[in-house]
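Here are a few exercises to work through with the model open beside you. Try each task before you read its solution.

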Amino acid sequence: NEVISRNFIEQEIEEDLKEGHYETIRTRFPPEPNGYLHIGHAKSILLNYGLAQKYNGKFHMRFDDTNPTKEKTEFVESIKADIQWLGADWEDRLFFASDYFEQMYEAAVKLIKKGKAYVSDLNPEQIREYRGTLTEPGKEDPNAAKSVEENLQLFADMKNGKYEDGALVLRARIDMASPNINMRDPILYRVAHMTHHNTGDKWCIYPMYDFAHPIEDAIEGISHSICTLEFEDHRPLYDWVVRELEYPNPPRQIEFAKLYLTNVVTGKRYIKKLVEEGIVDGWDDPRLVSIAALRRRGFTPESIQKFVELCGVSKANSSVDYAMLEYCIREDLKLKRSRMMAVLHPIKLVIDNYPQGQVEYLDAANNLENEELGTRKIPFCRELYIEREDFMEEPPKKYFRLFPGNEVRLMHAYFVKCESFVKDENGNVTEVHCTYDPETKAGSGFTGRKVKGTIHWAPAPFAKKCEIRLYENLVDEEKGVYNKEDGSLNLNPESLTVLTDCYVEPALADTKPYDSYQFVRQGFFCTDAKDSRPDALVFNRIVSLKSSYKL
Ligand code: ATP
Ligand code: MG
Ligand code: MG
């Protein structure tokens with residue numbers, strides 16, 4: 001039901017439209033270019049983009065690069081690529097907050113002229129002391145009494161490089177007794193002799209986030225500035241800035257709860273440590289939840305869109321189970337991807353009555369539930385690989401796969417009956433010998449008898465040997481992500497299993513980075529974009545198949 005399913009942000013937007021506050025809905029995604037984006041950012045991106053789409057509005061991409069210390073140009077490109085991949089299209093609306101430094105400076109001058117801002121020489125400790133506490137009001141800054149002329153001169157001097165870092169700040173003049181500490185004459189500008197990646201050495205004063213952000217929004221004509229809950233207490237300041245600067249249709253800030261996922265590491269500090277200590281293979285290690293990692297693991301934009309949609313938007317912080325993300329990728333790939341055969345733990349199967357040297361090409365539907373995916377040919381011959389677990393010398397009850405005397409179907413091929421097996425000196429089975437029945441070819445309509453098991457295989461001389469990487473959570477679910485005593489990570493030592501002796505059908509020979517498949521009975525897999533080579537294929541398991549597979 002359309003009406004009931006509207007989230008609180010949509011309700012507020014519709015009200016604003018009805019009351020004529022805005023003509024065009026404009027939203028933005030404003031990352032600081034100081035790191036890689038993660039699944040939480042994906043929520044913010046898709047939320048903002050989705051709202052612009054829904055209300056026929058515009059979506060802006062804006063780098064919030066007003067803080068010269070932490071920013072790196074290298075992140076600008078990775079962030080753009082991630083957002084494009086997610087499907088949020090900013091068209092020609094790509095902005096850099098640092099392009100507005102001049103306007104921000106003018107805005108500060110305007111406040112000074114209105115008597116709403118002053119230059120202060122209190123040092124950081126004094127500012128903290130004067131600010132008071134939650135239970136105690138703050139004290140007036142003695143600088144607040146300065147004249148407009150004096151403040152204009154001092155601010156110009158700050159800008160012109162007459163002062164050292166930290167010597168002076170520009171403060172808003174609001175209310176030192178406000179119950180909201182953010183309103184007790186917050187700092188608007190600071191002196192910082194630093195080179196900025198965009199503006200170079202042009203500026204030696206930089207605006208604070210709480211001052212810069214509403215101005216950026218207002219300049220771009222943003223209608224709804226959507227941010228996360230920790231900025232709720234900053235909203236009065238946001239409103240103060242746009243009101244005092246007299247913007248005609250000031251933007252509104254709306255907060256929603258951040259997305260948290262259980263059993264994953266999202267903290268940048270921790271990820272950095274994992275990368276530096278070599279525990280993970282970079283920011284895009286498939287066990288991480290950065291967007292680059294999810295992409296490399298084999299998640300699709302559609303699966304992440306679905307996930308974000310299922311999470312909904314809320315005003316209360318909560319965590320979402322990682323299993324929901326897995327559910328979304330399974331659902332997305334189920335009908336879209338070919339179901340191929342891959343043998344992860346191989347053992348040789350020899351069909352004794354199949355002529356040596358003979359090869360036939362069998363037809364296989366790529367996805368039985370989706371005919372549009374077509375068919376492929378699979379070479380069939382005397383020697384195949386099957387999964388080691390699909391043969392047992394002494395089977396337990398209800399084991400319907402191969403054991404001496406038992407017959408199974410080889411998927412897309414024939415019935416084979418186990419006649420004997422070979423063991424090495426250690427007692428390990430090395431070969432299973434079978435006979436096949438030519439009458440039972442798949443698709444021939446054979447109904448003479450039935451078998452209870454179907455197993456997959458790969459044709460030994462044609463199969464591509466490859467590496468397959470299986471993943472589990474990077475952290476130990478039982479113990480919790482972080483260690484209670486020292487805050488360290490409770491790592492799961494089995495988060496990565498590398499299988500190097502796997503075989504896939506020859507149809508996978510020209511797989512490309514990020515291509516994904518279902519490997520029957522094993523899950524969904526994706527060609528690793530970093531390590532796979534045409535002559536040494538590497539696949540990542542995206543997710544296993546949900547239910548334990550029934551034969
Ligand atoms: P982080 O601390 O993870 O880097 P951030 O807030 O510093 O997050 P920004 O680059 O400032 O990252 O974020 C850009 C936008 O993404 C902001 O509007 C922020 O509110 C939003 N965002 C960040 N993390 C989440 C999250 N977990 N869920 C939803 N939105 C998020
Ligand atoms: Mg950040
Ligand atoms: Mg931030």
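**Exercise 1: the shell around ligand 1**

Sort the residues of the shell around ligand 1 into nonpolar, polar and charged.

Solution. The shell holds four nonpolar, five polar and four charged residues, where Ala, Val, Leu, Ile, Met, Phe, Trp, Tyr, Cys and Pro count as nonpolar, Asp, Glu, Lys and Arg as charged, and the others, Gly among them, as polar. Next, find the closest: of the 13 surrounding residues, these are Pro31, Gly40, Ser44, Thr228 and Lys258 (near means a C-beta atom, placed from the backbone, within 6 Å). Finally, helix 2 gives the largest share, four residues.

A word on conventions: this is a predicted model, in which local features need pLDDT of at least 70 and side-chain atom pairs count only at pLDDT 80 or more, while totals for chains, interfaces and linings use all residues. Residues are numbered from 1 along each chain as its sequence is written, with chains lettered from A and ligands numbered from 1 in the order in which they are written.

**Exercise 2: contacts of Trp457**

Which residues is Trp457 in contact with, leaving aside its neighbours within four places in sequence?

Solution. Start from the cut-off: C-beta atoms, placed from the backbone, within 7 Å. The list is then Met341, Val343, Leu349, Leu384, Tyr385, Ile386, Leu410 and Met411. Now place Trp457 in its setting: along with Tyr385, Trp457 touches the most other members of the 97-residue largest nonpolar core. Helix 2 (residues 39-54) supplies the largest share of this core, eight residues.

Terms used
Core = buried A, V, L, I, M, F, W, Y, C linked by C-beta atoms within 7 Å. Buried ≥ 20, exposed ≤ 12 C-beta atoms within 10 Å, placed from the backbone. Helix = DSSP H or I, 4+ residues; strand = E, 2+ residues; numbered from the N terminus. Contact = placed C-beta atoms within 7 Å.
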